[in-house]
Amino acid sequence: MNFKRVVVTGGAGFIGANYVHYALSAHPDWQIVVLDKLTYAGNLENLESVMNRIEFIQGDIANPVDARKALRGADAVLNFAAESHVDRSLLDPGAFVRTNVEGTLVLLEAARQEGVKRFLQVSTDEVYGDLHGTDHHSLETDPFRPRSPYSASKAGAEHLVFAHGISHGLDVVVTRGSNTYGPYQYPEKIIPLFITNALEDKPLPLYGDGSAVRDYMHAYDHASGIDLVLHRGGSGEAYNLGAREQISGVQVADAILAALGKPPSLKQFVTDRPGHDYRYSVDPAKAEALGWVRRYAFSEGLSETIRWYLQNRAWWQRVRAKKEHQSLMQTWYEGR
Ligand code: NAD
Ligand code: DAU
């Protein structure tokens, strides 16, 4: 499939920005429009080096005027925009329903009205729910069992996406990515939080006994998988994207502390996340059959990511100094 004008919602966030950088290099002829509300997680510094090559619109996917403005004349839209942090969804679930569910619906309607050729929804492996106690790897045909307000809102969004494909003939595709890490990640998710805490000699808070397992995938690989599904994915189909890794919280902490030469005593076991999902794991064979090849193993991807945070101290120090970050640290972690 060929596209010329492509809208990336949430392109100032972590994976969205990594995708914009990837796409500009893979498709130098594309006109890329980024629609982003610039919430606490959106950061124009993530796009600084490419601002002269893209069109940026500050706006809300849940606002029909903003959505139609961005999608006018577009061939494809990739919806990365979301409230993305599980812990925040336990504190303020309404924001997750507004952006992730209502926002996706508004964007789907705008895509239909503007005659967009293809709609790609960036979803998550969390829609399958917890695989704790099994050795199963989730398949695209598995039922949805979301267990947090975040994953419930992403599952709701997916239902609306497929419904628009069936009811209105919109060409839709969905990716279900696993835990992602890499440059430009807001320091609230485990890997950037632990790297930046360690660099400041602060404790690394492990929920419960730190044994919960995730399939950590580098943002470059997530971006290349999304791009492949955009071009080659079957209409109305979902594709798992994962790295075939199974890594616990303790292993993440140990690897970061060792790489930075910091003491293991910085590990701190804290009260568990309510409803904590102890294991996610997807089978990415369907995307691999389309031709998806990943570049990174975890050890190499983590080393490169640690190097990025070492070389970009000003980026994360500015983010961590802001009140949105301070307030999460106080409300969520103090006394845990
Ligand atoms: P992020 O929180 O870093 O960035 C989200 C971006 O969306 C920000 O730029 C923010 O300003 C923007 N945004 C939020 N609400 C908006 C709205 N109403 N209108 C327009 N823009 C809005 O998120 P991320 O980690 O980059 O995740 C991107 C997507 O990938 C999300 O859909 C998420 O569910 C999905 N995903 C994330 C991971 C992960 O590990 N981070 C894994 C799988 C899937
Ligand atoms: O699986 C994909 C999902 O991964 C994405 O859809 C979400 O947007 C993304 O936030 C992420 O969700 P998780 O809840 O898995 O990511 P988080 O980094 O918050 O947590 C990863 C694991 O680390 C989880 O087992 C909880 C644990 N953890 C997390 C934090 C923030 C800790 O032990 N301590 C922490 O401080």
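Partly exposed residues have a relative accessible area between the buried limit, under 20%, and the exposed limit, over 50%. L38 has a relative accessible area of 24%, so L38 is partly exposed. This is a predicted model.

L38 is found in the loop between β2 (31-36) and β3 (54-58). Its backbone is worth a look. Phi of L38 is near 55°, a positive value in a residue that is not glycine.

Y184 also has a positive phi, near 75°, and Y184 is not a glycine either. The loop that holds Y184 runs between β7 (180-181) and α6. Is Y184 buried or exposed? The relative accessible area of Y184 is 17%, and buried means under 20%, so Y184 is buried.

G236 sits in the loop between α7 (219-232) and β11 (237-241). With 38% relative accessibility, G236 is partly exposed. Which residues does G236 touch, apart from neighbours within four places in sequence? They are F162 and V172. G236 also pairs up in space with G165: the two are 71 residues apart in sequence, yet their C-alpha atoms are 6.3 Å apart.

T196 belongs to helix α6, which covers residues 190-199. Its relative accessible area is 0%, so T196 is buried. Neighbours within four places in sequence aside, T196 is in contact with P187, Y309, W316 and R320.

Where the domains meet, domain 1 gives 15 residues to the contact and domain 2 gives 15 residues.

## Ligand 1

How many residues surround ligand 1? There are 29, and the closest are I15, D36, S84, Y150 and K154. By class, the shell has eleven nonpolar, 14 polar and four charged residues.

Three elements each supply at least two residues of this shell: α1 (14-26), β5 (118-124) and α5 (149-168). Which element gives the largest share? That is β5, with three residues.

In the side chain of T99, an N or O atom is 3.0 Å from a nitrogen atom of ligand 1. K154, one of the closest residues, brings a polar side-chain atom to 2.7 Å from an oxygen atom of ligand 1. T180 uses a backbone N or O atom, 2.9 Å from an oxygen atom of ligand 1. Taken alone, ligand 1 exposes 840 Å², and the protein buries 97% of that.

## Ligand 2

Ligand 2 has 26 residues around it. D125, Y150, N179, R214 and R273 come nearest. By class, this shell has twelve nonpolar, seven polar and seven charged residues. Y150 is named among the nearest residues for ligand 1 and for ligand 2.

I190 has a polar backbone atom 2.8 Å from an oxygen atom of ligand 2. P205 also uses a polar backbone atom, 2.7 Å from a nitrogen atom of ligand 2. Y333 uses its side chain instead: a polar atom there lies 2.8 Å from an oxygen atom of ligand 2. On its own, ligand 2 has 690 Å² of accessible area, and the protein covers 94% of it. The elements that give two or more residues to this shell are α3 (86-91), α6 and β8 (204-207).

| Protein residue and atom | Ligand atom | Distance |
|---|---|---|
| T99, side-chain N or O | ligand 1, nitrogen | 3.0 Å |
| K154, polar side-chain atom | ligand 1, oxygen | 2.7 Å |
| T180, backbone N or O | ligand 1, oxygen | 2.9 Å |
| I190, polar backbone atom | ligand 2, oxygen | 2.8 Å |
| P205, polar backbone atom | ligand 2, nitrogen | 2.7 Å |
| Y333, polar side-chain atom | ligand 2, oxygen | 2.8 Å |

Note on methods:
Residues are numbered from 1 along each chain as its sequence is written. Chains are lettered from A and ligands numbered from 1 in the order in which they are written. This is a predicted model: local features need pLDDT of at least 70, side-chain atom pairs count only at pLDDT 80 or more; totals for chains, interfaces and linings use all residues. Side-chain values use heavy atoms; hydrogens and water are left out. A residue is near a molecule or strand if one of its heavy atoms lies within 4 Å of it. A polar contact is a pair of N or O atoms within 3.5 Å; within protein, one must be able to donate a hydrogen and the other to accept it, and residues adjacent in sequence count only if both atoms are side-chain atoms. Accessible areas come from the Shrake-Rupley method with a 1.4 Å probe; for residues, only the protein chains shown count as cover. Helices (H or I, at least four residues) and strands (E, at least two) are DSSP runs, numbered from the N terminus. Ala, Val, Leu, Ile, Met, Phe, Trp, Tyr, Cys and Pro count as nonpolar, Asp, Glu, Lys and Arg as charged, and the others, Gly among them, as polar. Buried means under 20% relative accessible area, exposed over 50%, partly exposed in between (1.4 Å probe, protein chains only). Contact means heavy atoms within 4.5 Å.
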